Amino acid sequence: MARLCYTTPMPHLRRCCSSSTSPPSRHWDPRPAFAAATERVRAGTLNPEDAHHLFDELLLRANPIPERSFNDFLAALARALSSAALRDGHSLALGIFNRVCREEAGPCVTPSTVCTYNILMDSCCRACHPNLGPAFFGRFLRTGLKADQIIAINLLKCLCHAKRKDEAVNMLLHRMSEFGCVPDAISYSIVLKSLCDDSRSQQALDLLQMVRKGGACSLDVVAYSTVIRSFFKEGEVSKACNLFHEMVQQGIVPNVVTYSLIIDALCKVRAMDKAKLVLQQMVDNGVRPNMYTCMELIHVLPLQEWRKQRSCRIF
C-alpha cells in the first residue's frame, strides 16, 4: 500500500521525543503532507489510520497548519466517494476536527474559519448526523466569526434533515436576519421542499404566498414546482392547478418539469383534452417535452381511443 510522503512516527519514537529535553523540531512544513493526503483521499487510497497518523505528526510537532491545507483536506474527506480504503469520509472529517479541537495545546492548527464550519455542517447532513449541525453552528457563533449566506443555508439543511422543520421556518423568517443574512430563493426552496416532504403542502403554500406578497425575494420556478408536485401527491389537484395558473400570472415561466407535472396529473384523471391544451401551450412557449411527458401521453391516449371504439361498437 502506498504511503504518505511524510514520515509517520512510531510509538517508541514518539516516546523518545516526548522524554527528550529538547522539544520536537518546529521546522516541519505540513503543507506537502496535507497536499499528498488530500490527493490520496480523492484517489480513494487514504484510510482512516493514515489520516490519524497525519494528525499524530501534526500534534507531536505542534506546527500550525495553513488554513487552506486544512480546509482542502476536510473538504476532500467530506466529498469522498466510498471506497475499499475509506467508506465514510464525512464521519472521518467530523472526527478529525473534533480530535484536533480536543487535543490541541496552543495554536497547533490554524483557527477555524467560516469555510471550515461550512464543510463540517455539510458533512453532518451527508453523514446522517444532522442534529450535530446546530451544535457546530453554536460553536461557530462563539468564535465571533460573521455568518454568511452559505452557513445559514447549511444550518437550514441540517434542521430540515433532522425533522426540525418548525425551527427551520423560524430560522428562515426571523433569525437569519439577526445574523446579517438575507433569505434568498435557495433558502426558501430548502424549507418549502422539507415541508412538502412532510405532507405539509398547505403550510408550504402559505409560506410561498407570504414571500410573494411581502416581496422579500423572488421565488423561482423550482419553488413553485415543488409545491405543485406536493399538492398532486396529496390528491389536491385543484390547488395544484390554481398554483400553476398563479405562477404563470406572476410572470414565472414554467419549465419542462412543471408542464410534465400538470400533464401527468391531467392524464391520470383522464382529462385528455386539457392535457393536450397544456402540451400545446408548452410547445408554443418553446419548452420541449421530455421523454416522460411523451410516455405519459402515449400510455393514456391508446386507452382513450380503444374505449371510444368499443363504445361505438356497443351502441
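I began with the crossing of α14 and α15, which is left-handed (the near helix is turned anticlockwise from the far one by less than a right angle; clockwise would be right-handed). I then noted who makes the contact, meaning heavy atoms within 4.5 Å: Val256, Tyr259, Ile262, Ile263, Leu266 and Cys267 of α14 meet Met272, Lys274, Ala275, Val278, Leu279, Gln281 and Met282 of α15. By class I get 11 nonpolar, one polar and one charged residues.

A reminder to myself: this is a predicted model, local features need pLDDT of at least 70, side-chain atom pairs count only at pLDDT 80 or more, and totals for chains, interfaces and linings use all residues. Residues are numbered from 1 along each chain as its sequence is written, and side-chain values use heavy atoms, with hydrogens and water left out.

Next, the geometry: helix α14 (residues 256–268) and helix α15 (residues 272–284) pack at about 165°, with axes 8 Å apart. The two are therefore roughly antiparallel (angles over 145 degrees).

Which residues have the most contacts inside the largest nonpolar core? I find Phe55, Phe73, Val191, Leu219 and Val227, in a core of 91 residues (buried nonpolar residues joined through side-chain atoms within 4.5 Å; buried is under 20% relative accessible area). Helix α8 (residues 149–161) gives this core its largest share, eight residues.

Last stop, Met291, in helix α16 (residues 291–314). Met291 is exposed, at 52% relative accessible area (the cut-off is over 50%).

Terms used:
Axes are lines fitted to C-alpha atoms, for helices over the stretch in contact, and angles run from 0 to 180 degrees between N-to-C directions. Helices (H or I, at least four residues) and strands (E, at least two) are DSSP runs, numbered from the N terminus. Angles under 35 degrees count as roughly parallel, over 145 as roughly antiparallel, 65 to 115 as roughly perpendicular and the rest as oblique. Ala, Val, Leu, Ile, Met, Phe, Trp, Tyr, Cys and Pro count as nonpolar, Asp, Glu, Lys and Arg as charged, and the others, Gly among them, as polar. Buried means under 20% relative accessible area, exposed over 50%, partly exposed in between (1.4 Å probe, protein chains only).
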